[in-house]
Amino acid sequence: QVQLVESGGGSVQAGGSLRLSCVVSRRMFSINAMGWYRQAPGRQRELVASMSNGGRKNYADSVKGRFTISRDSGMNTVDLQMNSLKIEDTAVYYCHLDGQTAWGLPTFDYWGQGTQVTVSS
């Protein structure tokens with residue numbers, strides 16, 4: 001069973017910083033991409049940032065220049081450094097992994113349980 005364990009959420013004032021971390025509970029056969037999504041109340045879940053196994057990074061326009069995604073492939077972790085936080089960044093943030101647990105098996109989307117980020121004025 002694959003579990004994504006998130007940490008680092010919390011409350012911060014606008015302009016502040018937070019760092020989210022996500023650890024995969026088991027060794028994966030392959031990982032196509034890892035990243036972060038978020039969902040605010042009344043809104044659909046949206047991509048925040050992702051990083052492919054080849055190192056290609058993709059960011060939502062709303063976070064470019066403020067958020068940075070990084071991965072430690074050896075440790076199967078992915079972090080999200082969030083700077084210059086805005087009130088509109090308030091949401092539940094979910095870690096995501098697209099990968100295989102063993103050779104020959106299909107790839108699946110795995111999700112963490114979510115961590116709350118609240119930005120206040």
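How many bridges join strand β3 to strand β8, and do the two run parallel or antiparallel?

Author: Strand β3 (residues 18-24) and strand β8 (residues 77-82) are joined by 6 bridges, and they run antiparallel. This is a predicted model: local features need pLDDT of at least 70, side-chain atom pairs count only at pLDDT 80 or more, and totals for chains, interfaces and linings use all residues. Residues are numbered from 1 along each chain as its sequence is written, and side-chain values use heavy atoms, with hydrogens and water left out.

Two terms come up at once. Strands are DSSP runs of E with at least two residues, numbered from the N terminus. Two strands pair if DSSP finds at least two bridges between them.

Look at individual bridges between the two strands. Ser21 has Asp79 of β8 as its bridge partner. For Cys22, the partner in β8 is Val78.

Now turn to the other partner of β8. β7 and β8 pair over 6 bridges, in the antiparallel sense. β7 and β8 form a hairpin, with 4 residues between them. In that turn, Asn76 has a positive phi of about 55°.

Of its 6 residues, 5 are buried, so β8 is largely enclosed by the rest of the structure. Buried means under 20% relative accessible area, with a 1.4 Å probe and protein chains only.

β3 holds something else. Its Cys22 is joined by a disulfide to Cys95, with 2.1 Å from S to S. A disulfide here is a pair of cysteine sulfur atoms within 2.5 Å, and the count comes to 1. Cys22 lies in β3 and Cys95 in β9 (residues 91-100), so the pair ties together parts that are 73 residues apart in sequence. The torsion about the S-S bond is about -85°, so the disulfide is left-handed. Cys22 is buried, at 0% relative accessible area. Cys95 is buried too, also at 0%.

Then comes the core. A nonpolar core is a set of buried Ala, Val, Leu, Ile, Met, Phe, Trp, Tyr and Cys residues joined through side-chain atoms within 4.5 Å. The largest one has 31 residues. Trp36, Leu80, Met82 and Tyr93 touch the most other members. β3, β7 and β8 are among the strands that each supply at least two residues of this core. Tyr93 makes contacts (heavy atoms within 4.5 Å) with residues including Leu20, Trp36, Phe67, Leu80 and Met82. Residues up to four places away in sequence are not counted there.

Last, the chain around this part. The protein chain has 0 helices and 11 strands. Of its 121 residues, 42% count as buried. Take contacts between residues at least 6 apart in sequence: 56% of them join residues at least 24 apart. The C-alpha atoms fill a box of roughly 50 × 25 × 25 Å, along the principal axes.

Conventions: Buried means under 20% relative accessible area, exposed over 50%, partly exposed in between (1.4 Å probe, protein chains only).
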